[in-house]
Amino acid sequence: MAMLKTILGNLLRPSRTRAPADMPDVPPAYRGALAHEAARCTACGTCAYVCAPKAISFTQDPGLSVSWRFFIGQCSFCGLCAQNCPTQAIRLEAGVPAGMNSAAGDGFRLESVIPLRACTRCGAAHVPLPASTMDALWGSDEAERGYCPECRRWAAGARLRVAFVPAAGEEVRHER
Amino acid sequence: MPYSFPLGPYHPALEEPFKVKVQCRGEVIDSATVEVGFSFRGIELLAQKRNWVEVITLIERVCGICSNTHAMTFCMAAETIAGIEVPRRAAHIRTIIAELERLHSHLLWAGVGAEDIGFHSLFMEVFTLRELVMDTLEAISGNRVNYGMNCIGGVHRDIPDPKQHLPALDRLATGLAEIVIPTFTGNPTALARTRGVGRLSREQAVEWAVVGPVARASGLDIDVRKDQPYLSYAGLGFASVMRPEGDVLARVVVRALEMVESIRLIREALLSLPAGPLRATEGLPEIPVGEASIRTEAPRGEAFYYVASEGGPTPSRVKIRTPSFVNIPAIEAMVVGQPLADLSIIQASVDPCISCTDR
Ligand code: SF4
Ligand code: SF4
């Protein structure tokens, strides 16, 4: 009798299997597919360094651009790339499921092209720093914004020299 | 007429490959030989080719169930070499995740055990309870497996609102006290398949060097959390569970009571979570020349790590000894004289984790 009651009770209850529209909430910390912001990326390579399954790689178009590439089939969703990126260019989006089709072939891929820029001082092609970093470092209208890392180092050295030996202030061009 | 046959590597009881060569006389087992090595992945060698950050991701995949234990033990070894002291909040969070992992592992095991003795409704009940633990882990870490909580020097993720997780623990404690423990210890079906089955005496336990719940069910009171407290265990007051009988039922009871103790530890740790930073270091870790051996109590027993560094970007040696590595051979001692039909529950009772044994 008790069994019949249970069966009847179960028949009258709604389904315990959840419909696709009624899925549980994704937790805020959920690690989904990657999103990459090319404007913030400096192609420093930290994300590729910490990525154990080598889901992140770079290709170059010499003198023109660097491409940051991601393939979801190799990603283990550890989140280390996002945590270690110095400019917060990577996010693991909670809204995009961390699914993959196959580790070898098709699946979600990302490519962001980071155009190189010519140095305003020596002309060398380089990856510019993100605008927010430059604002914080030099303000908005400083000449150093367009410098390549080499010339930035030179400019910093020159400033230091001026601070210590004011007479050495005149321009010394570095050799490239 | 004695006969022998191979059982596995594809298995009736567990979803991992290992092989048992069974010698039988009628329905009674004379002897058995266990063979592992079907899912060797070369993780120890790979670990020497990956940098210190990548190795954590790699090591976390030694085991799908106790992933956190492995990553945590490896990080503790690296911290010991580098002389890094983990902040107290991070140690508490590591303890909480480690104990949640033990809960999830023991519940998974209880479910599989129930399934092995043909008790499907109990399996369903246990796995419903396990969902509570998985939800808590997911809420804290973002994922259901491979939580990615550990980094060298601390933890990656915080528990911003510890009290939020208490109701799930209460529901779990009620479920354990009202359903799982009474059913395993009182239900005639469950008792008939577990009491007196697969005995491992105290002497045999010493001889086969078993660890963890298997050892504690045979009257050996060993537990790294008590014998050599790490993380926050010393401060939280830890009571280990021990049973003298050494049969499958004793292993069930030890694990069940350990879950009750884990719930208490988690609750205490959540309520006393100290304020402070999550990491002792910033940026990518630099590990000086040195070596360290670390023992932790994984859900299945003592996990041992030896890590050596030559100061370079990668570890020069990572040696892993998992608890199942010593527990699995003891199956050979447990099955002698037992009916063939009990082989699967006896195997399951040591909670063998083949993938982490093979690595
Ligand atoms: S995404 Fe971040 S870590 Fe990766 S190369 Fe760009 S700036 Fe560096
Ligand atoms: S989430 Fe982890 S595995 Fe995926 S790309 Fe980032 S570092 Fe690599």
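A: Buried area is the accessible area (1.4 Å probe) that two parts lose on being put together, summed over both. Please note that this is a predicted model, in which local features need pLDDT of at least 70 and side-chain atom pairs count only at pLDDT 80 or more, while totals for chains, interfaces and linings use all residues. Residues are numbered from 1 along each chain as its sequence is written, chains are lettered from A and ligands numbered from 1 in the order in which they are written, and side-chain values use heavy atoms, without hydrogens and water.

Q: What area is buried between chain A and chain B?

A: About 1500 Å² is buried between chain A and chain B, and carbon and sulfur atoms give 50% of this area. On the chain A side, Arg31(A), Tyr49(A) and Ala52(A) lose the most area to chain B, together 38% of what that side buries.

Q: Which residues form a salt bridge?

A: A salt bridge is a side-chain nitrogen of Lys or Arg within 4 Å of a carboxyl oxygen of Asp or Glu. The count between chain A and chain B is one. Lys54(A) pairs with Glu54(B), and their closest N and O atoms are 2.4 Å apart.

Q: How many residues surround ligand 1?

A: A residue is near a molecule if one of its heavy atoms lies within 4 Å of it. Ligand 1 is surrounded by 15 residues, the closest being Cys41(A), Cys44(A), Gly45(A), Cys47(A) and Cys85(A).

Q: Which residues are around ligand 2?

A: Among them are Leu34(A), Cys51(A), Phe70(A) and Cys81(A).
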